[in-house]
Amino acid sequence: MTINKPLTTLGMVAVLATSMPAMARDTIQIAGSSTILPFSSIAAEEFGHAFSQYRTPVVGSGGTGGGLRQFCQGLGMNTLDIASASRPIKDSEIQACNERNVKQILEVRLGYDGIVFASRADQAGFALNAGHVFAATAAQVVRDGQPVDNPYTKWSQIDPALPDQDIVLVIPAANHGTREVFEETLLKRGCQSAGVPQTLSADEQAGFCTKVRNDGRVIEVAGDYTETLTRLQVQPEAVGVFGLNFYEQNRDRLQVASIDGVVPSLDSVGDGSYPVSRPLFFYVKGEHLDAVPGLADFVEYFLADSVSGYGSPLEEAGLIPLGDDERAEILDSFKQRKAVR
Amino acid sequence: MNKQPLSSGLSERDMVRSRLAKTLRRRHARERRFRLAGVVSVGLALACVLLLFGSILQRGLPAFWQSSIQLPIYFDPEIIRVDAAPQPLPDEPPVEFQRRQLEWQGQLARSNWQRLLTLGVQQLYPEQQIQPRHAQALFTRAVQHQLREMFAADPGLLGQTLELSLLADANVDVWLRGKIDRSLPDAQQQLAAPVRALADQLQADGHIKLKFASALFGNADSRSSPASAGLLGAFVGSLYMLAVVLLVAVPVGVGAAIYLEEFAPKSRWIDLIEVNINNLAAVPSIVFGLLGAALFINWFRLPMSAPLVGGLVLSLMALPTVIIATRAALQAVPGTIRQAALAMGASRTQAVFHHVLPLALPGVLTGAILAVAQSLGETAPLLLIGMNAFVANVPASPLDQSSALSVQIFLWQGHELRNFFEARTAAAIIVLLSLMISLNAVAIYLRKRLENKWS
């Protein structure tokens, strides 16, 4: 009966295929913010070296929004254990999580990151403030109390102190957590200082402040910072938005703009004097802590002072460390498994 | 018909001849123009390919060599403070021995291996006051793990001095090879001035040499130690996917093609299926990725980033191509072969499997290998099933998380350390292209070897 042989093998393969999901996973799975990707990858690798009994965690990207969406797909071995996020989780996302039985979401703050504006090293330097950025980015600006289409085409028209060159701004698209920080800390602030037309309702005011011009002077990039850098290589007059850590690694090609007179650096972001910074988060799935070996150990390892503190490999890679008290508090609330709401 | 009145002294015959000569000239000119256009387009295509290959080779080949630092390392018992390596006791349960071994590994992990490196550098130049952090900056981070693993494999090294060749940090490599403008001011340099001076000095004294980048082939990807990032993990992941595609797409595709071509009754349904298979071959690969993510991961609950899932998605993609190629090969077998077999009393199955299929085999194999090779270079569908994750391990089975060669190129292309990874990315492209070319060479070899036995 030779005909039975392939059938039996096929059957075995089918049994194997159906029994696989039941198998426990022994690798921690992380995905999310591309800003955090380098940090979590380095921590994952060092974790693998430090704890020989665990496998090295696997780190994916996909942006903060994409990571949280995957995270909230439910429980089980084919879902994420940790979503990394460069902004706090939204209420709508918590709700989506809860609907899929992900109820114990543990928020862990990892450190801080600065968002910088940089132009090509061989071009003019910039000294910006929130008002400049709003005037260069917004779809409409206020003239005599009335909203009008953005008339600025050169930086020098916004402020004579700025370089006399065309406005081309490369900013992250809405899939990046960076975009939200950009809107909150620069556009809304610049918009308020410029004066919002009072004829608009509250909702319309928020929309007015964050609506970006679409005449080709603002380019939204959905990919990573390398794509932004490539844009700058093609369009020499462009100014790009980067993470501080990306800028630090490419200082030979980029020069950074100061904001409100403060030049971004590990120090100025760390002490809070540079205004455009944001906290970085891990969202850990509490339900997986017992099922996935090493998950709690990995989070605690990441929070250790020797891993993410001053003088640590992660600080070297551009992560701005937590303060000592803050670190102790976060570690404590993680150990107590304090979930978000 | 419409004869012209003879205006000059030419005969009618001469007129016809001159008209013929004129059209002939026109036709010849048209042919010359066409040939010229052909030569120009072939030339253009060649120039594009040469430009592409030239630029990739020019950028990627240097990355096959990288800076290594050669220096004696003393395994100082003052620094490596560990107990003797645990030996299995006669009546000790394996669990207990494992626990003691883990404990010993923990002791090793807590020893300061970087200190061995800094002492090694400081001893080369005892007269200089080299700061430990400057000496450390010379080496890529994986070096300390390398020392630890060497020691764990052979604890007898304690107290000995070994002449070792250790990988330099990525930024040191960039500096020494002039990939960063050496005239830039300190603020724009990646390395501190003392580290740059130290690196230059070591190179001048022959301690830093360019060696073949075995890390590129022997290691999986690395983020904490960019200089030792390699392709092995991605390569093994790609091999697993290749195996899955060979095991799934080829048998299913060939089987489907044989049925459709040799057995299926001619009906409207079969026509409809045929049209749809042809349409399927033209579906963009990203669609297969979405399908794969929905089907295999959300529904079958297979793990993310696994080569098994990647292979299944690529199989879906390769299937129509395999079917079309196989059918073409079967059609090329003369009908007389089938008729002869049937006339000798063979059943239809026997006629197909004993006579038609063996003759069609070269075409089937070529089509299958080309389809597999093409799917192997695919990136977009793999991104959607999470194969763009950072994986620091070499996958041990098709169910382990892994990357793929094409995705690794994508990941390195986006690495923030541009100066180092631009060359590394081009090197990865060279490796992927070589794999493709060798697969195609196999296809050509098989076709030449097995070609038309019936003619």
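This is a predicted model: local features need pLDDT of at least 70, side-chain atom pairs count only at pLDDT 80 or more; totals for chains, interfaces and linings use all residues.

Biologist: How many bridges join β6 of chain A to β7 of chain A, and do the strands run parallel or antiparallel?
Modeller: There are four bridges, and the strands run antiparallel. Strand β6 of chain A covers residues 140-143, and strand β7 of chain A covers residues 146-149.

Biologist: What do β6(A) and β7(A) form, and which residue in the turn has a positive phi?
Modeller: They form a hairpin with two residues between the strands. The residue in the turn is A:D144, with a phi of about 55°.

Biologist: Nice. Switching to helices, how far does α15 of chain A reach?
Modeller: From its first C-alpha to its last, α15 of chain A reaches 17 Å, close to the 16 Å expected for its 12 residues (324-335). After α15(A) comes A:R337, which has a positive phi near 60°.

Biologist: And how is chain A divided into domains?
Modeller: Domain 1 of chain A is made of 26-113 + 278-335, while domain 2 of chain A is 114-277. Their C-alpha centres are 29 Å apart.

Biologist: How many residues does each of those domains put into the contact?
Modeller: Domain 1 of chain A puts in 17 residues and domain 2 of chain A puts in 16 residues.

Biologist: On the domain 1 side, what gives the most?
Modeller: That's α3(A), with four residues. By class, that side of domain 1 of chain A has five nonpolar, nine polar and three charged residues.

Biologist: OK, on to chain B. What is its domain assignment?
Modeller: Chain B has domain 1 (69-211) and domain 2 (232-450). The centres of these two domains of chain B, taken over C-alpha atoms, are separated by 44 Å.

Biologist: What does UniProt annotate at residues 235-441 of chain B?
Modeller: The unreviewed UniProt entry carries the annotation "domain: ABC transmembrane type-1" there. In the model, residues 235-441 of chain B are 76% helix and 0% strand, with the end C-alpha atoms 19 Å apart.

Terms used
Residues are numbered from 1 along each chain as its sequence is written. Chains are lettered from A and ligands numbered from 1 in the order in which they are written. UniProt positions are given in the numbering used here, feature names are shortened, and annotations may be inferred rather than shown by experiment. Two strands pair if DSSP finds at least two bridges between them. The expected span of a helix is 1.5 Å times one less than its number of residues. Domain bounds come from an automatic or database domain assignment. Two residues are in contact if their C-beta atoms, placed from the backbone, lie within 7 Å. Ala, Val, Leu, Ile, Met, Phe, Trp, Tyr, Cys and Pro count as nonpolar, Asp, Glu, Lys and Arg as charged, and the others, Gly among them, as polar.
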